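Me: I would like to learn how to read the surroundings of a ligand, step by step, with the model in view.

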Amino acid sequence: MSVRKVRLAFDGTVIAEVPETAVSELPGILSRSEAAARVMAGLTRDERASILFAASRKFLESKEELARTVALESGKPIREARAEVERAAATLWFSGEEAHRLSGEEIPMDAAAGGKGRFASTIRQPLGVIAAITPFNFPLNLSMHKVGPAIAAGNAILHKPASATPLCALLAARILGDCGLPKDALQVLVGPGGELGEALVTAPNIRMITFTGSAAVGLGLQSKAGMKRVTLELGNNGAVLVLEDADLDLAVSACVAGGYAHSGQTCISVQRIYVARAIHRQFTDRLIEQTRKLKIANPLEEDCDISSLISEDEAQRVQSWIGEAVREGASLETGGGRNLATLQPTVLTNVQRISRLHKDEVFGPVVGINAFDYLDEAIVLANDSRYGLQAGVFTNDLKAAWRCAREIEAGSVLINDVSNFRVDQMPYGGIKESGTGKEGPRYAIEEMTELKLISWRLL
Ligand code: NAP
């Protein structure tokens, strides 16, 4: 049996060793999962909800243990890790509430001449076995965004977490088991995405792949999934517009929080900031001042603001993108330095449209601030992206805000918030290469159930 070493990327310490699942074990795992799916489908809505509510409470009781695990395996500062645990508990709670609400509707059959004498309604039935593949950056909450709705809908789940961060997934499965989740209804499989992940995508009798991760991997697996239902929650290169009338204090502090939370390793991180030319310098100076106050430290230190990226390779990649952008014409205003896997929070101005920092997802603690002269131009810049997950706009001008909301191409447009604002019950999912399908328990449950029509001929 091979064993996976899990490390704290900040200093490379090994924090745990976890047995990996071999691809050859999959047939046995799958047949146990299919049996568990039949048990899950037989539970009442209230039984499923009760498991989710109990697990949500248990998450909060175990908050410190879970938060330490999130911080150690993902490198996220401990205060952000605690917030992630609270959000994961909320995600399970919202999933429980949706289990209670899960229902179909009456279809007005006799609205068509041919439907006379028929009564019909829809019901939502579980799919069976769902495979969930998750990334490293929110190892607990993003996992619960798949596990919670799948349980609420009455499915069994095979969960493959990111290889760098398997510990939260294993802890969560233990808690859900302690809270009454039937045996084998949630099995966590640890192993490399290129082998174990691919095997899940092509395995028979899995009805759905729910994936969160990079566009490159997501697009690749979609083409291999055949008739399986696939939802993809992929990347972004978050745009934020700051109009001339914006509340600057609010916009600056929100962009600092939104650009550097978890060292910019969130899919909706602020990356491209477009500021009205009249306030561009003032905005930039204030943002730099706040950025320089962020404390770089071990993620377990209470006052840590910035810790490492997930690996030294990733930190090197982000640093090379910064160098490339500067060679292509951008100005480095602050940051750019690196120590092993930790990169200083970085601000650039005048980032060119040919640069990867404009075109691609940087997934690191880097923001680029460019000036614009007209709102039309700002909207074109925001939309000049192959991604479209979330975008933010700071203004108090109602007409301008409404135009941005309508014309920015994204799954969500957030007025007076940055691109990475999210609460866990809202519909969440992108357009273009940011993905397909929605999360948020109510919306994920729709993806994870089959809508069946039952019609009665009564005359
Ligand atoms: P990633 O490299 O795409 O990995 C995501 C998951 O896919 C991991 O579990 C990985 O396993 C697995 N995987 C890798 N290759 C695979 C393959 N060929 N077939 C099946 N599974 C495979 O992403 P990441 O670096 O962990 O996460 C960062 C990315 O996730 C960013 O692009 C970010 O924007 C995106 N993200 C999106 C959202 C959203 O809601 N839209 C949320 C968070 C993150 P291994 O770890 O074993 O390689």
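**Around the ligand**

Reply: A residue counts as near a molecule if one of its heavy atoms lies within 4 Å of it, and here 29 residues surround the ligand, the closest being Thr134, Ser163, Ser214, Leu234 and Glu361. This is a predicted model, in which local features need pLDDT of at least 70 and side-chain atom pairs pLDDT 80 or more, while totals for chains, interfaces and linings use all residues. Residues are numbered from 1 along each chain as its sequence is written, and side-chain values use heavy atoms, without hydrogens and water.

Me: Which atoms lie 3.0 Å and 2.8 Å from an oxygen atom of the ligand?

Reply: A polar contact is a pair of N or O atoms within 3.5 Å; a polar side-chain atom of Lys160 lies 3.0 Å from a ligand oxygen, and a backbone N or O atom of Gly193 lies 2.8 Å from one.

Me: How much of the ligand does the protein bury?

Reply: With accessible areas from the Shrake-Rupley method and a 1.4 Å probe, the ligand taken alone exposes 910 Å², of which the protein buries 85%.

Me: Why does the ligand lie between two domains?

Reply: Domain bounds come from an automatic or database domain assignment; domain 1 (3-234 + 434-457) and domain 2 (238-423) both give residues to the shell, so the ligand lies between them.

How values were computed. Polar contact = N/O pair within 3.5 Å; in protein donor to acceptor, adjacent residues only side chain to side chain.
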